[in-house]
Amino acid sequence: MTRDINHPLPHDSLAASLLAAAYVLEQVMDRGRSLSDVMSDGILTMADPAQRAAVQDISYTAVRNWGRAYAVLTELTGGRPLKPIGMGYLLATSLGLAVDPTEERYEAHTLVNQTVVAADSQVALRPGKGLINACLRRFYREKDALFSRSDSDLAARWGFPAWWVKKLQKEQPSGWREVLSASYGQPPLVLRVNRRRCTVDAFLQACEREGLEARALDGQAVWLPKPVPVSRIPGFADGHVSVQDLTAQRAAPLLDVRDGMRVLDACCAPGGKTGHLLELADLDLLALDVDVKRMQRVSDNLRRLGLLSSGVTLKAADAAAPDTWWDGKPFDAILADVPCTGSGVTRRHPDIRWLRRSGDVAAMSQLQMKLLDVLWSVLKPGGTLLLVTCSIFGEEGEHLLARFMGRHPEAVALPSPGLVLPQAQHNGPGHDGFFYARLQKPPLTQA
Ligand SMILES: C[S@@+](CC[C@H](N)C(=O)[O-])C[C@H]1O[C@@H](n2cnc3c(N)ncnc32)[C@H](O)[C@@H]1O
């Protein structure tokens, strides 16, 4: 596709946003890049925050609804590949909006018209504008029939690849439908109030003054039922709050940290749980992540929260290679929020489902075990390790824990939440899916 985002279209038009979102969709689905990575491309750096928000919303929706949109597109085009490839992605982007199950964002005639205008603005796509027009009009005429015909395709029906759906059917035989629908849709905006800078009550009052609906949940969590950009959240820039899912907020308190403890946060980026740990106690904390770029986000986040104290060391390093970061002094507590498939956080990262392959689950589980073996070796006798994955697959949860216990029979499994399945927004915000296990290393006994 011609990536002429500086085309002559008015920059705040839907047509311009559709073109930019079609680029994002192509990069994700054709090139296998993550949405967050593509969204940081220079080509998408728009001066107008409203246009950027529109492009992000359309891109995320198109990726989320790819299963249905692709099946419908295949039917509309008789399975013929569209050339150039960008034409297919532009059409798939508009169909992604048109098939959205939760809301009709744009009137049918607006979406058809703006998609045609978008195609017309690009030399390479102009010859296809008639076909685009015909396909979209037919979609609206035959929507119900197209939906019911595509229902036989698991990816269209459930919005996740067939291997994913089948895996969940096997692992959650009674609840897989609820899990899939809770994993769909938009994520709620849940915040964690930084108790070193603000109280939940003071934050609720600040929201009221700004006309924002806000509801206190457990602990330091507050839900904004009508999401707004972080720039509109009172005190955000001053570190009064962080965006963090309700289930993710359970991690730090589970480690039961106290002032002066020596703590390792082994896979810390972007630092959501690091910040929470430091809000709870004055720690001697080492935070690692293998990804240098993501490590920068950790220091930005901690600086915003006012938590970059002398007791905090941030290091870009491979947690599996302790000779590069360990000084030989064991840790009282370790947070092992290990890399995983992310199958529990697909509302926040709708691209995950299409980018992962079924074989990735076992590969991730191997990596997780390797990291756990190393981290266990640097834990003090009597210390606690908290294993966290944002996955709902057994290999990254219960089976991983069972394998770990087999390799380290001395480990004591402390009471833990275990598998927390994602929950859809209903009267409350719902939450992401996670697996939590707390493991204690027995204290040394005197001979
Ligand atoms: C689930 S994320 C961590 C989220 C983070 N704890 C938070 O709450 O914001 C997993 C992280 O593990 C990092 N990672 C992957 N392999 C690693 C390794 N070998 N050593 C250290 N970090 C690693 C990834 O870069 C990623 O940032």
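In which loop does aspartate 256 lie? In this predicted model, aspartate 256 is placed in the loop between α13 (251–254) and β5, and its phi is near 50 degrees, a positive value in a residue other than glycine. Most residues other than glycine have a negative phi, and most peptide bonds are trans. Another joins alanine 269 and proline 270, where omega is about 10 degrees, and proline 270 is found in the loop between β5 (262–265) and α14.

As for the overall division of the chain, the domain assignment of the protein gives domain 1 (14–155), domain 2 (160–187 + 245–447) and domain 3 (189–244). Between domain 1 and domain 3, the C-alpha centres are 34 Å apart.

Helix α1 (residues 14–29) takes part in a contact with helix α6 (residues 108–120), in which the two axes come within 8 Å and cross at roughly 65 degrees. The helices α1 and α6 are therefore roughly perpendicular to each other, and α1 passes α6 in a right-handed crossing. On the α1 side the contact is made by Leu14, Ala15, Leu18 and Leu19, which meet Thr110, Gln114, Thr115, Val117 and Ala118 in α6. By class, the residues of this contact of α1 with α6 comprise six nonpolar, three polar and no charged.

Helix α1 also packs with helix α5 (residues 85–98), at an angle of about 110 degrees and with the axes 8 Å apart, so that α1 and α5 are likewise roughly perpendicular to each other. Here Leu18, Leu19, Ala21, Ala22, Leu25 and Glu26 in α1 meet Ile85, Gly86, Tyr89, Leu90, Ala92, Thr93 and Ser94 in α5. The residues in the contact of α1 with α5 fall into nine nonpolar, three polar and one charged. Leu18 and Leu19 of α1 are named both in the contact with α6 and in the contact with α5.

Technical notes
Residues are numbered from 1 along each chain as its sequence is written. This is a predicted model: local features need pLDDT of at least 70, side-chain atom pairs count only at pLDDT 80 or more; totals for chains, interfaces and linings use all residues. Domain bounds come from an automatic or database domain assignment. Axes are lines fitted to C-alpha atoms, for helices over the stretch in contact, and angles run from 0 to 180 degrees between N-to-C directions. Helices (H or I, at least four residues) and strands (E, at least two) are DSSP runs, numbered from the N terminus. Angles under 35 degrees count as roughly parallel, over 145 as roughly antiparallel, 65 to 115 as roughly perpendicular and the rest as oblique. A crossing is left-handed if the near helix is turned anticlockwise from the far one by less than a right angle, and right-handed if clockwise. Two residues are in contact if their C-beta atoms, placed from the backbone, lie within 7 Å. Ala, Val, Leu, Ile, Met, Phe, Trp, Tyr, Cys and Pro count as nonpolar, Asp, Glu, Lys and Arg as charged, and the others, Gly among them, as polar.
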